[in-house]
Amino acid sequence: MTTLTIRRPDDWHLHLRDGDMLKAVAPETARDFGRAIIMPNLVPPVVTAADATAYRDRILAALPEGADFKPLMTLYLTEGTDPADLAAAHESGLITAVKLYPAGATTNSDSGVKDINNAMHILEKMAEIGCPLCIHGEVTDSHIDIFDREAVFIDTILDPLRKRLPDLKIISEHITTKNGVDYVKSADKNLAATITTHHLIINRNHILAGGIRPHYYCLPVAKREEHRRALVDAATSGDARFFLGTDSAPHTDPNKLMECGCAGVFSATNTMSCLAHVFETEGKLENLEAFASLNGPTYYGLPVNTETLTLTKQGTPVTFPAKIETSTDPVTLFDPGFPLYWQVA
Ligand code: DOR
Ligand code: ZN
């Protein structure tokens, strides 16, 4: 196969940031994607409906003229979130979901939830009104090994939460383990997972073997090869419970390369080429559309995009810029470590 036409894809987990960074990266996503779930971990975070309205307007203003892209806004869950404000924002269509960051789990998560029991009244409201919950599924206890934090979260937080609120629609975001894959497969309703482009391609050796590679450092951190394999099998299977959330998370090079560098991989620009490569290698190109364009909207209860996107396989590698410029410093694009032949037409 040398040409593949699929419904226009969506990105079910994206960081667009704000200000100059927003202006630099928004066009990179809007080029290939119809919609994206926009992460609310700004400084300060997007907590109220008023915050989300203002942020949505800044995103729309940052898009290139004529861009065919709709930001799907989220609220950042805090223990002080007003359930009535949240419910009104969901009812009006302003927000598509709410994001749960365990406090301290990742970038700008300090205002997140310290004890999920303190947010239970808000989560109950969400279950009642049908507002989906996106979860960063890692525990934060310092005595838990960073490579085990996702598996421990499933056992100690996610599973009890699902038993307590079976009607709450949950998205386990950017799963990185076989445990995560198996847990999602074991659920018959109200649980799905997003998988990033980079977690389909790198394992922990890519970060640490032969020198430390900060541009591959993200959270949850990439795990052993057996976990990457489980993610690839799930993503390419066509199983409707798994779909694309790139977690494209731009940080400028100085912020990635300093002594305590930021977590995040920026992959908006070449994600579709990378995914076509992965799916073709698995002999599963026919399932790329399900993963990138169909399963996400179906789970969220939204229509699939009517537009299409065509990828063509070139005879020589496609080139992408190594870096995206911002008004200050550049952002390095994800390097899959292999040549890319699939190009978005
Ligand atoms: O690698 C990550 N970067 N993981 C996250 O959860 C947050 C994100 C960011 O905002 O930079
Ligand atoms: Zn993220």
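The structure is a predicted model, in which local features need pLDDT of at least 70 and side-chain atom pairs count only at pLDDT 80 or more, while totals for chains, interfaces and linings use all residues. Residues are numbered from 1 along each chain as its sequence is written, chains are lettered from A and ligands numbered from 1 in the order in which they are written, and side-chain values use heavy atoms, with hydrogens and water left out.

Helices (H or I, at least four residues) and strands (E, at least two) are DSSP runs, numbered from the N terminus. Both His-13 and Asp-247 are buried, a word that stands for under 20% relative accessible area, with exposed meaning over 50% and partly exposed in between (1.4 Å probe, protein chains only).

Asp-247 is also of interest for its backbone, with a positive phi of about 55° although this residue is not a glycine. Its relative accessible area is 6%. Another positive phi in a residue other than glycine belongs to His-174, near 35°. His-174 sits in the loop between strand 7 (170-172) and helix 6 (178-185) and is buried, at 2% relative accessible area.

Two cis peptide bonds can be described as well. One joins Val-43 and Pro-44, with omega about -5°, and Pro-44 lies in the loop between strand 3 (35-38) and helix 2. The other runs from Leu-219 to Pro-220, with omega near -5°; Pro-220 is found in the loop between helix 7 (204-208) and helix 8 (225-236).

How many disulfides are there? With a disulfide taken as a pair of cysteine sulfur atoms within 2.5 Å, the count is zero. For Cys-134, the nearest cysteine sulfur is that of Cys-131, 8.6 Å away. Cys-134 counts as buried because its relative accessibility is 0%. The sulfur of Cys-262 has its closest cysteine sulfur in Cys-260, at 7.7 Å, which is too far for a bond.

Finally, two helix pairs come into view. Helix 1 (residues 19-32) and helix 2 (residues 49-62) have axes that come within 9 Å and cross at roughly 65°. Helix 1 is therefore roughly perpendicular to helix 2. Axes are lines fitted to C-alpha atoms, for helices over the stretch in contact, and angles run from 0 to 180 degrees between N-to-C directions. Angles under 35 degrees count as roughly parallel, over 145 as roughly antiparallel, 65 to 115 as roughly perpendicular and the rest as oblique. In contact (heavy atoms within 4.5 Å) are Leu-22, Lys-23, Ala-26 and Pro-27 of helix 1 with Arg-58, Ile-59 and Ala-62 of helix 2. For helix 3 (residues 83-91) and helix 4 (residues 120-129), the axes come within 10 Å and cross at roughly 25°, so these helices are roughly parallel to each other.
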